[in-house]
Amino acid sequence: MCLAIPGKVIQIDESDPTLRMAKVQFAGVIKEISLALTPEVTEGMYVLVHAGMAINAVDEEEAERILEEFKNADMDMEIPPEESSS
Amino acid sequence: MFIDNFYTKELRMDEKEKQPITWSCPVEQLDKSKIVLAHGGGGTLMHQLIKNVFENAFKNPLLQQHHDSAFIDVQGVKLAFTTDSFVVKPIFFPGGDIGKLAVCGTVNDLAMAGACPLYMSAGFILEEGLQIGILQKIVQTMKREADHAGVYIVTGDTKVINNSSGDGLYINTSGIGIVKQDPPPCPSQIQPGDCILINGDIGRHGLAVLNAREEIHFDPELESDCMSLVPAVLSLLNLGIPVHCLRDCTRGGLSSALNELAEESGLSFYIREEDIPIRDDVRGACEILGLNPLYVANEGRFIAFVPKQYVSEVLQIWQDLYPDLTPKQIGVVSENKGTPVILQNTIGIELALPMLSGEQLPRIC
Amino acid sequence: MKYMDEYRNPQLAKNLIREIKQFAHQTWNIMEICGGQTHAILRFGIDRALTPEVQLIHGPGCPVCVTPIQKIDLAIQLALETDIILCSFGDMLRVPGSKTSLLSARGRGANVQTVYSPLDSVKIAQQNLNKQVVFFAVGFETTAPVNAMAIKKAKELGLTNFSLLCAQVLVPPAMEVLLSDPYCQIQGFLAAGHVCTVMGYHEYEPIAEKYKIPIVVTGFEPVDLLLGIKECICMLEKGKYGVQNAYTRSVQREGNVTAQQLIKEIFEVCDQDWRGLGCIPHSGLRLKSDYADYDVEKKFHLTPEKNEEKQTVCIAGEILQGKKKPTDCPAFATLCTPENPIGAPMVSNEGACSAYYQYEKR
């Protein structure tokens with residue numbers, strides 16, 4: 001019961017302080033998501049989204065570190081190109 | 001740093017008695033004597049119903065052709081004859097409406113038989129209370145699409161029923177056309193080594209309807225891919241390209257089309273998932289909703305089985321016809337018979353691609 | 001998609017599969033307890049790729065196994081017999097109650113609306129002030145803060161026509177039930193990464209200690225799953241136990257404190273019925289008494305009917321504990337198929353029996 005996917009916070013709307021809605025991009029679509037559970041998140045950050053809410057910020061440094069570890073362990077891989085924002 | 005212990009550590013009584021836990025999950029069997037919604041979903045339940053009820057009763061060699069249309073010889077002229085019914089909610093959705101679906105769906109069925117569509121019928125079942133203005137709008141769409149496809153709607157019927165849970169109207173059609181290839185494209189013509197091509201990216205129609213019905217509010221709004229496939233098919237047949245089989249990827253998506261043909265032809269197909277074109281917006285929407293695009297309905301996409309030497313030519317013809325689409329080869333017909341459809345997935349593992357038994361629903365699990 | 005596509009890298013996946021097969025010197029039984037992980041394992045074929053070194057046992061993590069049948073029956077009853085708008089996640093629509101399903105009820109005219117988020121059901125309540133709107137609040141801890149926010153927002157808006165039908169469950173008590181069975185075959189656990197994103201993983205440490213079992217917090221993409229399985233195998237091969245985190249880009253030991261505080265504000269722990277298993281103490285969440293007006297059962301004095309468990313040929317329990325395979329069941333693929341399921345693991349697309357039927361039978 002835990003489908004959650006990463007998306008990029010494009011624009012935050014502070015008009016509702018309870019829900020703290022934001023436009024979040026997932027590949028080619030944008031969906032409005034509540035950032036109420038992640039008050040530290042700002043525009044440009046990546047969040048993990050479940051059922052309409054961000055449940056955590058993605059630790060990008062940690063993500064890059066793990067991928068770097070794979071590279072250094074001689075794991076043959078090609079890193080996909082950076083995703084560009086709309 | 002974290003709030004106090006949320007869970008308690010009490011154990012179940014059984015732990016003290018050291019008895020094995022019996023765990024059964026009795027699910028009441030659904031009543032097999034009644035129709036359920038999944039019977040219309042394009043998956044295994046629907047196929048079972050067709051086989052066990054309709055084919056069993058109506059058995060004849062023409063019906064056993066198992067193709068989108070029946071092939072009929074009339075005084076030396078080979079005709080294709082098809083029927084379809086259209087039940088969609090909502091009846092208007094981004095990229096089309098039930099009228100567009102009705103005409104395109106019918107001419108597409110004929111095109112899948114390698115036929116040039118000529119004439120159609122249109123039967124309307126209208127719910128009491130439907131606005132006539134809405135009906136007029138739908139009918140105008142049908143006229144526009146019929147003109148575009150070069151067909152005439154020459155006969156029809158009208159019935160009115162009590163207001164129910166539908167969205168106002170249902171349409172039934174039939175269509176007839178002249179077959180342009182001998183032998184016509186059909187499952188029995190598929191051969192090992194044939195290449196499997198698709199005319200464009202998948203998943204748009206099902207998502208557009210779901211988005212409209214459930215008001216999910218994706219930005220940009222997803223649009224249906226509903227369109228006539230007649231030009232894409234006739235452009236190949238008119239050049240004499242031998243097309244072994246065609247199938248549109250409607251209910252149940254690409255997976256249903258592949259599985260149906262594998263079963264009907266008795267052959268095995270090998271598909272590479274990374275070659276299946278999927279647009280970014282469809283990808284994002286599917287990931288959010290937990291849907292697999294291979295099972296999402298399309299109304300303007302079909303697969304073609306052609307010999308290897310014609311692949312580049314076919315893809316070029318389609319690309320010229322529809323510059324915005326991405327026609328691709330997605331697989332081959334295997335030399336070996338075995339698992340009906342094998343998918344090499346995006347991490348390189350090969351496994352069977354099953355047909356779903358019902359319709360895909362958005363999930364949080 | 002960034003932070004997703006990298007974890008579907010085929011070369012990485014291949015390398016991890018090779019390493020797992022090299023590290024394992026015997027067959028190990030590892031369970032994942034989240035339906036989302038089961039789904040990913042089946043979709044990407046990870047279980048097939050790791051056989052025979054790793055036997056992945058699909059635990060009770062799908063909506064069918066998790067949601068008590070009485071609650072489903074009550075949801076269906078509310079939808080069919082009243083003019084409320086019943087909002088639900090799509091997952092629940094096909095789950096059969098004792099007689100029918102929400103999908104069938106919708107087909108018969110019940111006002112059942114699928115929503116992507118519980119917050120959408122609050123919007124529906126705002127737009128339909130003359131109707132009662134009930135959201136079927138199911139899920140693990142991952143969904144609990146979202147369900148809690150729906151209540152918080154509804155209260156803020158002063159909505160009196162919105163309520164929850166609560167059927168929320170907690171993972172650790174279910175893990176303890178499985179592990180406390182003396183015949184349990186499970187040797188390692190993959191902890192649900194998104195449950196841990198919310199709750200952290202400190203609560204799994206005493207479980208790992210007590211049962212001397214490795215528990216690895218694992219994500220959902222193929223590389224995440226393989227990484228989690230690899231860490232679990234490494235621990236098993238070395239005879240180690242404890243909790244490891246293989247999903248560090250999303251999970252911290254303390255979890256999301258803001259989310260936990262919200263859950264605690266709105267919900268309290270309670271005993272919960274699990275379908276077919278009976279009551280597991282302290283394994284569910286219910287609305288606190290301050291929010292009784294938002295609990296449909298309290299609001300309308302409803303008592304779900306207790307249905308007696310019937311004896312069937314189904315061996316779901318033994319399958320879920322790894323003692324038997326679906327193919328050991330006499331009803332498998334004969335009496336029991338996805339179209340005519342007898343047990344929960346055949347109903348859900350993520351269930352062990354459904355997976356075997358679709359992928360192994362062919």
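Contact here means heavy atoms within 4.5 Å. Keep that cut-off in mind for the first stop.

This is a predicted model, in which local features need pLDDT of at least 70 and side-chain atom pairs count only at pLDDT 80 or more, while totals for chains, interfaces and linings use all residues. Residues are numbered from 1 along each chain as its sequence is written, chains are lettered from A in the order in which they are written, and side-chain values use heavy atoms, without hydrogens or water.

**Stop 1: chains A and B**

Select both chains. Twelve residues of chain A are in contact with 17 residues of chain B. Together the chains bury about 1,200 Å², 71% of it on carbon and sulfur atoms (accessible area, 1.4 Å probe, that two parts lose on being put together, summed over both). Now select strand β3 (residues 29-34) of chain A. This strand gives the largest share of the side of chain A that touches chain B, three residues. That side divides into nine nonpolar, two polar and one charged residue.

**Stop 2: aromatic pairs in chain B**

Rings of Phe, Tyr and Trp (its six-membered ring) pair if their centres lie within 6.5 Å; planes under 30 degrees apart are stacked, over 60 edge-to-face, the rest tilted. The count over all chains is five.

Select B:Phe269 and B:Phe305. Their ring centres are 5.1 Å apart and their planes at 50 degrees, so the pair is tilted. B:Phe269 is in strand β10 and B:Phe305 in strand β11, so the pair ties together parts 36 residues apart in sequence. Both B:Phe269 and B:Phe305 are buried (under 20% relative accessible area, 1.4 Å probe, protein chains only).

Next, B:Phe302 and B:Trp318. This pair is edge-to-face, 5.1 Å centre to centre, with 65 degrees between the planes. B:Phe302 and B:Trp318 are buried.

Note on methods
Helices (H or I, at least four residues) and strands (E, at least two) are DSSP runs, numbered from the N terminus. Ala, Val, Leu, Ile, Met, Phe, Trp, Tyr, Cys and Pro count as nonpolar, Asp, Glu, Lys and Arg as charged, and the others, Gly among them, as polar. Buried means under 20% relative accessible area, exposed over 50%, partly exposed in between (1.4 Å probe, protein chains only).
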